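Subject: Structure handover

Hi there,

Here is the structure I promised to pass on to you. Please open it alongside this message, and my notes on the side-chain contacts follow just below.

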Amino acid sequence: MFTVDRTMKRQVLLFISIFSLGSVLGQVSYSIPEEMAKGSTVGNIARDLGLDLKRLKSGKARIFTGDSAEYIELSRERGLLLVKERIDRESLCRQTTPCALHLQIILENPMELFRITVEITDINDNSPSFKNDERRFEISESAVSGSKFVLERAVDADIGINGIKNYSLKPTDNFVLKIQSQADGNKKVEMVLKKPLDREKEEQISLLLTAVDGGEPQMSGTVKIYVTVLDANDNAPVFSQSVYKAAIAENSEKGTTLTSVSASDADKGTNGEVSYSVSTTMDSVSDIFTINENGEVILVGAVDYEKAKNYQIDIEATDSGGLSDSSKIIVDVIDINDNKPVISILSKSDSIPENSLQNTVIAMFSVLDPDSSNNGQVNCRINGNIPFTIMTSSNDFYSLVTDSDLDRERASEYNITVTCSDEGVPSLSSSVTLTLQISDVNDNAPVFERSSYEAYIVENNTPGLSIFTVKARDADWSQNARVSYILEDSSVNGVPVSSYVSVSADSGVIHAVRSFDYEQIKDFQFRVKAQDGGSPPLSSNVSVKIVIQDQNDNPPQVLYPVLTGGSVVAEMVPRAADVGYLVTKVVAVDVDSGQNAWLSYKLQKATDRALFEVGLQNGEIRTIRQVTDKDAVKQRLTVIVEDNGQPSRSATVIVNVAVADSFPEVLSEFTDFTHDKEYNDNLTFYLVLALAVVSFLFITCLVVIISVKIYRWRQSRVLYHSSLPVIPYYPPRYSDTLGTGTLQHVYNYEVCRTTDSRKSDCKFGRAGSQNVLIMDPSSTGTMQRIQSEKSILDEPDSPLEQKPPNNDWRFTQGQRPGPSGPHMPYGTHIRWTPKSGTRATGGPEVAMGTGPWPQPPTEAEQLQALMAAANEVSEATATLGPGTMGLSTRYSPQFTLQHVPDYRQNVYIPGSTATLTSNPQQQQATAQQATQQALPPPQVSAQPEPPKAAQTPASKKKSTKKEKK
């Protein structure tokens, strides 16, 4: 049952017929209504043909429809025929009954063919229609009752019961409808005058003609008829024949006359003039044929026998009074041979194996010729000299099969041209070319290019080195011709050959797995197997011999004299030895072979070269002159032994020779032999490493020192250019050195010294958090600023704790003690280090204290401190020699004048009798006077320090770095 907007019944007719060949098994017929929805089921083809669903899938079942549209499709998974496209019976078959689709179902492996006929039944989906919406008549009022007027026949595309059933005309006051059934099944519709017309009463009459079909639901179509009543003309035209027949060949030229018709009218004058016309219908007949005023039927369109074999033309004769008569012309179309055979490939194989049996089906195809009779009879053939033939399976269906053995190695591809010709005159033909690949079967084994291989390789090769390549070829194709190389299992001297060489499976390149040594193995053999990729695989093997070639990789080995680690061996030569006396013989061997083992001996070094010589070939050491008393007892000979390889290798041996007559003499002399010092091979590395470290530290220190100097110079320039007056300032916690003020804490000092001058240092303990060195208040020594907890590198920018200015400006040059150096009363240089890590420098100078300033210092106060520092520099200058400043621990010995800007020229300090000058003589006098006045008090006298050892560059650099800070 199917539903298309309504329920309709479907009948399934199954006919199975067995054909002569097994490739066509049967035929099945179905009947379905038109306009079914897409995907609707037509029938269960698998069940009706007795096929399994697996067979449909494995056979790649598909539908072949020729050149017609595909309305039906096959579902392999369900085994059903389904509607693929909407089927309109009217557009498919027009008025032809029955309307059917002829399909073929094709299966492969093995190839089978089934014919399917699907009958399309009509449904009432088209309503009757007229070509024109209205029709006009002019009828004379003298028309007698019973006069006939031919009306336009309605056309319904449906057939059978769904076609036109009846006509009706309203109103029926003057006219009635007369319907006559014709032999072809059509109905002739005429309007008959029921009573005479009276123009004076009714000049225009309007009628409505309705055509209804017999379908369910019923459909209808209408046309309006307008009648104009005229006077007189009471005779209608009459055709000479009710039916005319004509014939025309298809493809005739336009303008060809088919036949002539005639109609007569008993009236005279204009009422007797007759005009002809082709009745208008929904068919396109009027587009193909026309009739002129003489009644000649002329071809104006194209006729094709394959589309329509005959035509029925309705013609009408009308006089000027509106009376008319109708007739019919039947035109038969004559077929001509105008169509070539159409070859359709139903199924084909693109390739078959070369071992296929005879009569293997290569392709199935059908040939159709739309022409009729002999024009449609087709014969097919193929090009010669190929192992194939054509077999006919049924009408219009053919099979291409093999008729002899195939060999891919002879011919791997065939181009088969199938030509089909009809029997028309002239004969028409068409052809198609099929390309068939012959697939390979593994029937050829690989063959090596040589029966055996021999290759050479130099010893000491790199593991993985490519030695050479074996090559085998296979006449087969693709995977069957893909050769893989396999190293067959074997052993060489009890070791698997796979530990010596390996073979690349793809390229056949033989690689060395290890480094060969000629002294261990000279040559070895193994076998390589070439195997193709077929199933089952075929293989062949070949013998390979590898010969190891010697290389000069071993230096000569001295067998005599034997060198021992801790003893001295000497050969004795009597002083009475003559020329050519054999002292000893150097014996050496080389494990290489050939010229690599040819040894030569040479005297490299000797205590007396004029006394001994070495045999070039035998290594014998002989005297070349008479030994004299002047010759030294101890003779040392260095002999070098070289081989003849390229490059040559050598070994040296030291021969000690004693020129003496007695053993005690030799013993006394050789006890003084000193052995050469053995240097550590890593010594150079350590020296380079130490040099690099020292260079890096030096550059780092140099960069830091330059940075600090630049920073201090920029700060000093700010103070130097200040125009403010210098005013003495005394912080509350600092007192003059001439006063009697004391601090509230007592300091103890721990002095630690070592004899190593590079490590000598004095460490001073401190009480609490104070960092002040206390001296006798009665002392006239200079006041030394003591470092705070922070490093001096941070002091110029520190906003938290400021240091008091140096008070040396308050004393004259004679009153101030000079800096440490040659003028100090003590020779001991003391450096001290507080726990904070900063180091105070200078001699035994007095520091009054540290602490935060009560108020931030002004620029004048900072300038005071700067002037005091300048005085110290002035004093220190007096003790300098040219180039460097001879300063004590306050200034490093490596601190040069170029690091200190000169602030001494033209400097005047208001309120003080001190004058800063750069006069060297004045500085010298002032320094001597200050030395006498700067004697320290007894209670704090320092003990003389033992003289220090000379400083190394490292200790100097370390000391310089600390003291510069």
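Aromatic pairs come to 14 in this structure, which is a predicted model. One of them brings together phenylalanine 289 and tyrosine 311: their ring centres are 5.4 Å apart and the planes meet at 70°, so this pair is edge-to-face. It joins distant parts of the chain, with phenylalanine 289 in strand 23 (residues 289-291) and tyrosine 311 in strand 25 (residues 310-319), 22 residues apart. Phenylalanine 289 has a relative accessibility of 1%, and tyrosine 311 has 12%. Because buried means under 20% relative accessible area, phenylalanine 289 counts as buried, and tyrosine 311 does too.

Another pair to look at is tyrosine 453 with phenylalanine 468, which is tilted, at 5.9 Å centre to centre and 40° between the planes. This pair also links distant parts of the chain: tyrosine 453 belongs to strand 36 (residues 452-458) and phenylalanine 468 to strand 37 (residues 466-469), 15 residues apart. Both tyrosine 453 and phenylalanine 468 are buried.

The charged end of arginine 514 is placed over the ring of tyrosine 500, 4.4 Å from its centre. Likewise, arginine 136 lies over the face of tyrosine 226, at 4.6 Å from the ring centre.

Now to the salt bridges. Side chains of opposite charge can pair when their charged atoms come close. How many salt bridges does the structure hold? The count is 20.

Glutamate 35 and arginine 86 make one of these, with 2.6 Å between the closest N and O atoms. Distant parts of the chain are linked by this pair: glutamate 35 is in the loop between strand 4 (24-33) and strand 5 (41-44), while arginine 86 is in the loop between strand 8 (80-83) and helix 3 (89-93), 51 residues apart. Are the two partners buried or exposed? Glutamate 35 counts as buried, at 18% relative accessibility, whereas arginine 86 is partly exposed, with a relative accessible area of 45%.

Lysine 84 forms a salt bridge with glutamate 70, and here the closest N and O atoms are 2.9 Å apart. Lysine 84 sits in the loop between strand 8 and helix 3, and glutamate 70 in the loop between strand 6 (62-64) and strand 7 (72-75), so the bridge ties together parts that are 14 residues apart in sequence. Lysine 84 is partly exposed, at a relative accessible area of 30%, and glutamate 70 also counts as partly exposed, at 39% relative accessibility.

Lysine 188 pairs with glutamate 190 in a further salt bridge, the closest N and O atoms being 3.3 Å apart. Lysine 188 counts as buried at 18% relative accessibility, and glutamate 190 counts as buried at 5%.

Finally, have a look at Arg89, Glu90 and Asp122, which are linked in a network of salt bridges.

Best wishes

Note on methods: Residues are numbered from 1 along each chain as its sequence is written. This is a predicted model: local features need pLDDT of at least 70, side-chain atom pairs count only at pLDDT 80 or more; totals for chains, interfaces and linings use all residues. Side-chain values use heavy atoms; hydrogens and water are left out. A salt bridge is a side-chain nitrogen of Lys or Arg within 4 Å of a carboxyl oxygen of Asp or Glu. Helices (H or I, at least four residues) and strands (E, at least two) are DSSP runs, numbered from the N terminus. Buried means under 20% relative accessible area, exposed over 50%, partly exposed in between (1.4 Å probe, protein chains only). Rings of Phe, Tyr and Trp (its six-membered ring) pair if their centres lie within 6.5 Å; planes under 30 degrees apart count as stacked, over 60 as edge-to-face and the rest as tilted. A charge sits over a ring if NZ of Lys or CZ of Arg is within 6 Å of the ring centre and within 35 degrees of the ring normal.
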